[in-house]
Amino acid sequence: MKINGVAHRTIWPNPDKPTEICIIDQRVLPHRISIEKLITKEQATRAIKEMYVRGAGLIGATAGFGMYLATLNAPEDAADFSQYMATYAATLNNSRPTARNLKWAIDRLLTAIDTVHTTQEKQKIAFATACEIADEDADYCRRIGEHGLQLIKEISKRKQGEPVNILTHCNAGWLAFVDYGSATAPIYAARDAGIPIHVWVDETRPWNQGARLTAWELQQENIANTLICDNTGGHLMQHGMVDMVIVGSDRTTHTGDVANKIGTYLKAVAAKDNNIPFYVALPSSTIDWELDKGHDIPIEQRDEKEITSVMGLDDKGNITTVRLSAPGTKAANYGFDVTPARLVTALITERGVVAANKEEIHRLFPEGKTLT
Ligand code: MRU
């Protein structure tokens, strides 16, 4: 999608030097557009852990390139190579525990690397697989857009030309993926189809993905949007100001329970109470085929400083962090919550719109059975 009118992806190999992987540092958006280069496997892990990159799809794509970077300095001996890659895979996998795409991408790289023998072949296949993951992520999001568009079209017909009001939480936009986004792909597709759209953007404390990223990316694409505090959604729903909710997911069980940014569950409860459809847009790489219960999804807990302080731009144009609460204030920073399948109207995937239950999910993805 576009930054200042120029199309970008969130991650790409340097065309002049493919051993360097370029990312946009999301910690300083929207105030600075800073392109960073990942050259070592440690830098890839750090980029994920410290949220230079974030969002399920982009975490997966970065993990793919991290595994590729690891192969560049791996030992020649086959047994040592395997041990070295397994050790790095375990470290990488611990960097953000909730996003399923992380393990999915790491496993895909390990499987690909295993099919060839020499170190050079392993490096080559690791690069090709990482690029494939990135391309596939973008393509799946584009297809999510096509399927989600049909849902928006139906609502738009009923509204007879009035804008369709969509509420979203966190950033499940192109910045959370390689391109298009999951929750935003149907919005971009609707814009392209000439459907008037307006998006309510939850600010999404404590990291403010909505305020910092979603509002900015929609603005860059000329989509009408309004930033709201996290607690505003319920009020808007009660007053008929929300037609549908679309959120993303960091991990969805094969039974339809959805882990997403903290606060998503409360939006789902409010949507149910107000008869508003609540959709979750996700590529199949986010589905956990092993877990039966959302309750068992590991929930990341982050530094309490993300709650007790806030980052922004000061009057002099410097990016600054200021304290919000008194020194010594204790805070609990749960990154995600789980919305039970019963509150989800449907999942929007790259293969189509599907009810959030085991039977329907497995019908759409029959290959998932082999993974449960
Ligand atoms: O902590 P983040 O920014 O990595 O979390 C991202 C989210 O939770 C988003 O809500 C998104 O919907 C899922 S990413 C596709």
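## The main core

A nonpolar core is a set of buried Ala, Val, Leu, Ile, Met, Phe, Trp, Tyr and Cys residues joined through side-chain atoms within 4.5 Å. The model discussed here is predicted. Its largest nonpolar core has 37 residues. I11, M67 and L92 have the most contacts inside this core. Two or more residues each come from β4 (21-24), α1, α2, α3, α4 (100-114) and α5 (119-159). Helix α2 gives the largest share, 9 residues.

Beyond its neighbours within four places in sequence, L92 is in contact with T45, I48, A63, M67, L102 and I106.

Another core lies apart from the largest one.

## Helices α1 and α2

Helix α1 covers residues 41-49, and helix α2 covers residues 56-72. Their axes come within 8 Å and cross at roughly 165°. Angles over 145 degrees count as roughly antiparallel. α1 and α2 are therefore roughly antiparallel to each other. The crossing of α1 past α2 is left-handed.

On the α1 side, the contact uses K41, A44 and I48. On the α2 side, it uses I59, T62, A63, G66, L69 and A70. By class, the residues of this contact divide into 6 nonpolar, 2 polar and 1 charged. An α-helix has 3.6 residues a turn, so residues three or four places apart point the same way.

## Y88 in helix α3

Y88 sits in helix α3 (residues 78-93). Is Y88 buried or exposed? Its relative accessibility is 5%. Buried means under 20% relative accessible area, so Y88 counts as buried.

Which residues does Y88 contact, leaving aside its neighbours within four places in sequence? They are K41, A44, T45, G66, M67 and A70. K41 and A44 also belong to the α1 side of the contact with α2. G66 and A70 belong to the α2 side of that contact.

R302 is 214 residues from Y88 in sequence. In space, the two are 22 Å apart, C-alpha to C-alpha.

## Helix α6

Helix α6 (residues 185-192) is mostly covered. Of its 8 residues, 6 are buried. These are A185, P186, I187, Y188, A189 and A190.

What covers the buried residues of α6? The cover includes two helices, α5 and α7 (209-220). It also includes strands β6 (164-168), β7 (197-202) and β9 (244-247). After α6 comes G194, with a positive phi near 80°.

Methods:
Residues are numbered from 1 along each chain as its sequence is written. This is a predicted model: local features need pLDDT of at least 70, side-chain atom pairs count only at pLDDT 80 or more; totals for chains, interfaces and linings use all residues. Side-chain values use heavy atoms; hydrogens and water are left out. Axes are lines fitted to C-alpha atoms, for helices over the stretch in contact, and angles run from 0 to 180 degrees between N-to-C directions. Helices (H or I, at least four residues) and strands (E, at least two) are DSSP runs, numbered from the N terminus. Angles under 35 degrees count as roughly parallel, over 145 as roughly antiparallel, 65 to 115 as roughly perpendicular and the rest as oblique. A crossing is left-handed if the near helix is turned anticlockwise from the far one by less than a right angle, and right-handed if clockwise. Contact means heavy atoms within 4.5 Å. Ala, Val, Leu, Ile, Met, Phe, Trp, Tyr, Cys and Pro count as nonpolar, Asp, Glu, Lys and Arg as charged, and the others, Gly among them, as polar. Buried means under 20% relative accessible area, exposed over 50%, partly exposed in between (1.4 Å probe, protein chains only).
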